Amino acid sequence: MNPCVIHHSDIPSTSTVLVTPLLTGINYDSWRRAIKMALHAKKLGFIDGSLTIPKKKENIHKWQRCNDLVANWILNSASTELCPNILYAKTAAQIWSALIDRFSQSNAPKIYQLKQSISSLKQEGVSVNLYFTQLKTLWDELNSIAPVSPCICGNAKSILDQQNQDRAMKFLKGVHDCFLAVHSQILLMDPFPSIQRIYNLVPQEEKHEEISFRPLLAEESVALHTSKIPYRTQGKTSASLL
């Protein structure tokens, strides 16, 4: 398919937003990945520089229209505070390059920041599912920056196994204290289960706790509403009968 052909669904509009949330600067890495994924099936060549201005004059107009369309998509996917800094770039590739120069940082600070976020993350008041999703998002972002390189000697497998065990233990360490029982059971398993297996076990315990706890609340509620004598009065009456 000719990348310079504009499909009827590719309507340049001020309301067209390729990805959300919008680029603010602090979310540059995730935003950049999302934009590239959105453009991969459409016009990725306009931002990576592989689709340059054609030499034939009859093709220049089509190329310019597509370039402006992609530039429009990027602008609409950035916050209004950032748009003035990239608005006057001549091509979508120049906009892309300007954003890289401004927000791309060396791997070391970003890796440090991600590891700090992973280390401090705990379940606290959220569900197990949301806690795991937050952790996995951080792990995936870390993998995209510092992946384990393939190795023909077999060392990569042992590194990955250790990484998976470390992540499984991090997940267990961050879950709520009410899961201490299943936490201890998992640590005694041999071989040590995968992070996915552990994730499947903890929500099961979470649902079991909910099922066990709710009937108790219902019974207490019925007792409180059906009794005509307050608890203190009941206590005094019982004492007077002794």
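Analyst: A crossing of two helices is left-handed if the near helix is turned anticlockwise from the far one by less than a right angle, and right-handed if it is turned clockwise. The model discussed here is predicted: local features need pLDDT of at least 70 and side-chain atom pairs count only at pLDDT 80 or more, while totals for chains, interfaces and linings use all residues. Residues are numbered from 1 along each chain as its sequence is written, and side-chain values use heavy atoms, with hydrogens and water left out.

User: How many helices and strands are there in the chain?

Analyst: Helices (H or I, at least four residues) and strands (E, at least two) are DSSP runs, numbered from the N terminus. Read along the sequence, the pattern is α-α-α-α-α-α-α-α-α-α-α. The count for the chain is 11 helices and zero strands.

User: What percentage of the 242 residues of the chain counts as buried?

Analyst: A residue is buried under 20% relative accessible area, exposed over 50%, and partly exposed in between (1.4 Å probe, protein chains only). By that rule, the buried share of the 242 residues is 31%.

User: Which way does helix 1 run relative to helix 5?

Analyst: Axes are lines fitted to C-alpha atoms, for helices over the stretch in contact, and angles run from 0 to 180 degrees between N-to-C directions. Angles under 35 degrees count as roughly parallel, over 145 as roughly antiparallel, 65 to 115 as roughly perpendicular and the rest as oblique. Helix 1 and helix 5 pack at about 160°, with axes 11 Å apart. The direction of helix 1 relative to helix 5 is therefore roughly antiparallel.

User: What is the handedness of the crossing in which helix 1 passes helix 5?

Analyst: The sense of turning defined at the start decides the matter. Where helix 1 passes helix 5, the crossing is left-handed.

User: Which residues of helix 1 and helix 5 make the contact?

Analyst: Contact means heavy atoms within 4.5 Å. Helix 5 contributes Trp96, Leu99, Ile100 and Phe103, and helix 1 contributes Tyr28, Trp31, Arg32, Ile35 and Lys36.

User: Are helix 3 and helix 5 roughly parallel or roughly antiparallel to each other?

Analyst: The axes of helix 3 and helix 5 come within 8 Å and cross at roughly 30°. Helix 3 and helix 5 are therefore roughly parallel.

User: Which residues of helix 3 and helix 5 make the contact?

Analyst: By class, this contact has seven nonpolar, one polar and no charged residues. Helix 5 supplies Ala92, Ile95, Trp96 and Leu99, and helix 3 supplies Asn67, Val70, Ala71 and Ile74.

User: How far does helix 3 reach from its first C-alpha to its last?

Analyst: The expected span of a helix is 1.5 Å times one less than its number of residues. Helix 3 (residues 57-76) has 20 residues, with 28 Å expected at 1.5 Å a residue. Close to that value, the reach of helix 3 is 29 Å.

User: Which helices do the buried residues of helix 3 pack against?

Analyst: The buried residues of helix 3 include Trp63, Cys66, Leu69 and Trp73. Their packing partners are helix 1 (28-40), helix 2 (45-48), helix 4 (83-86) and helix 5 (92-103).

User: Is Ala78 buried or exposed?

Analyst: Ala78 lies in the loop between helix 3 and helix 4. Leaving aside neighbours within four places in sequence, Ala78 is in contact with Leu22, Leu23 and Cys83. Because its relative accessibility is 4%, Ala78 counts as buried.

User: At what angle do helix 6 and helix 7 pack?

Analyst: Helix 6 (residues 107-120) and helix 7 (residues 128-145) have axes 10 Å apart. The two are roughly antiparallel, and their packing angle is about 160°.

User: How far apart are the C-alpha atoms of Ser117 and Leu138?

Analyst: Ser117 is found in helix 6 and is partly exposed, with a relative accessible area of 31%. Leu138 is one of the buried residues of helix 7. Although Ser117 and Leu138 are 21 residues apart along the chain, their C-alpha atoms are separated by 7.7 Å.

Technical notes: Nonpolar A, V, L, I, M, F, W, Y, C, P; charged D, E, K, R; others polar.
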